[in-house]
Amino acid sequence: MASLAVAVLGTDVELVRDIAHIPASLPGFSAPDLSAVPHLLGGAVAVALVGLAQAAGIGPSVPNPDGSRSSVNGDFAAQGLANAAGGLFQSLPSGGSLSRTGVAVDAGARTRWAGVFSGVLLALIVLVCGSLAEHIPMPVIGGLILVVGGELIWGKRHDIRLVLRTSRMPAGAMILTFLATTQLPLQQAIVLGAVLSLLLYCAQAARRARLLALVRDADGRWRTSDVPERLPPGEVTVLYYEGVSFFAELPGIEDELPRPDGARGAVLVLVMRGVPDVPSSSMAKVLRRYVRAVNEADGRLILAGVEPGLVRLLRATGLDRDFGPDGIVPAERTILAPLERAMEVGRRWSAEHGPPDRDEG
């Protein structure tokens with residue numbers, strides 16, 4: 001109606017044709033210009049992050065009608081292939097759209113064919129009446145953008161409230177990212193949001209990571225206790241590492257480890273079951289420093305419940321030799337079995353290398 005009113009009344013407003021020409025034809029083949037890659041790389045990464053974030057968010061928001069679980073990897077691969085092919089025909093970056101998906105679901109769409117038919121219909125509209133789009137007033141385009149943006153924000157109002165009530169740091173990052181999208185170019189705002197997310201993850205990882213001492217009670221059950229300041233000579237101590245081996249958390253974990261000085265015959269069993277299968281190199285450095293300090297004090301460090309990735313890392317770096325025979329007990333399906341095996345190895349070693357007077361008195 002607004003477009004018709006502008007055409008009838010002859011109102012002097014900027015139209016789409018003032019900024020672009022829309023031919024009544026489909027775009028043709030366009031060979032990529034590799035010289036433009038350095039200039040477009042930053043924006044391309046930002047747009048890719050937006051597209052992937054949208055694709056990852058649509059699955060949980062709009063589940064499959066048959067109840068099957070969405071494949072995020074499949075969505076990402078399809079999106080990448082579509083953009084690679086579309087880029088050869090002057091297409092804009094494509095990706096999942098919460099607003100378009102919501103409209104399709106409300107209209108009764110049940111399968112992916114809805115997207116195919118909507119694309120075919122859009123192509124026919126461009127061929128038949130594409131030039132008419134040049135007469136759309138720019139204020140109409142701006143109004144549509146405001147409406148779509150408002151609907152997206154309103155639809156996420158419950159999530160926004162949840163973030164605001166959860167913690168100050170995520171709330172601050174959300175507000176800062178929102179303000180950045182209104183004041184900075186989109187690609188810069190997206191990179192800023194990604195950096196803030198990484199900083200939040202580092203802070204949370206450093207705050208949540210910890211060591212717990214495990215002590216067996218009279219009934220044979222394991223209970224948690226405080227980490228000792230020193231390794232007791234001639235005894236087996238069990239610690240459980242709760243973290244993800246991220247570099248931000250490891251300085252605090254290293255400070256929590258018991259001091260090995262004067263701990264002759266002491267054995268520390270460090271349960272590593274919670275460490276991801278792809279550990280960081282910082283974790284290897286921490287283990288190298290500590291195991292050598294324990295060895296110099298005539299003690300021993302045994303790792304229990306080690307995932308295959310960490311086992312490969314320790315062997316590739318030569319650290320397995322510092323731990324000695326049976327010093328690395330791999331993880332297995334039975335949760336406490338590696339701990340029991342490490343305890344048995346530790347008791348035997350402590351009995352052979354402990355101080356002569358540890359049983360006196």
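## A nonpolar surface patch

Patches are made of residues with over 30% relative accessible area and no salt bridge; like charges are joined within 9 Å, and nonpolar side chains (Val, Leu, Ile, Met, Phe, Trp, Tyr) within 5 Å. A salt bridge is a side-chain nitrogen of Lys or Arg within 4 Å of a carboxyl oxygen of Asp or Glu. Accessible areas come from the Shrake-Rupley method with a 1.4 Å probe.

The model is predicted: local features need pLDDT of at least 70, side-chain atom pairs count only at pLDDT 80 or more, and totals for chains, interfaces and linings use all residues. Residues are numbered from 1 along each chain as its sequence is written, and side-chain values use heavy atoms, without hydrogens and water.

One nonpolar patch covers about 1100 Å². Among its residues are Leu26, Trp113, Phe117 and Leu122.

Phe117 sits in helix α5, residues 113-129. Helices are DSSP runs (H or I, at least four residues), numbered from the N terminus. Phe117 counts as exposed because its relative accessibility is 57%; exposed means over 50%.

Pro170 belongs to helix α8, residues 168-183. The C-alpha atoms of Phe117 and Pro170 are 40 Å apart. Leaving out residues up to four places away in sequence, Pro170 touches Val163, Leu200 and Gln204 (heavy atoms within 4.5 Å).

## The second largest pocket

The lining of the second largest pocket includes Leu122, Val126, Ile141 and Gly149. Helices α5 and α6 (138-155) are the elements that each give two or more residues to this lining. The largest share, five residues, comes from α6. Lining residues have an atom within 4 Å of a point on a 1 Å grid; a pocket is an open set of points with protein on both sides within 12 Å along at least five of seven lines, where a 1.4 Å probe fits.

Terms used:
Buried < 20%, exposed > 50% of the residue type's maximum accessible area, 1.4 Å probe, protein only.
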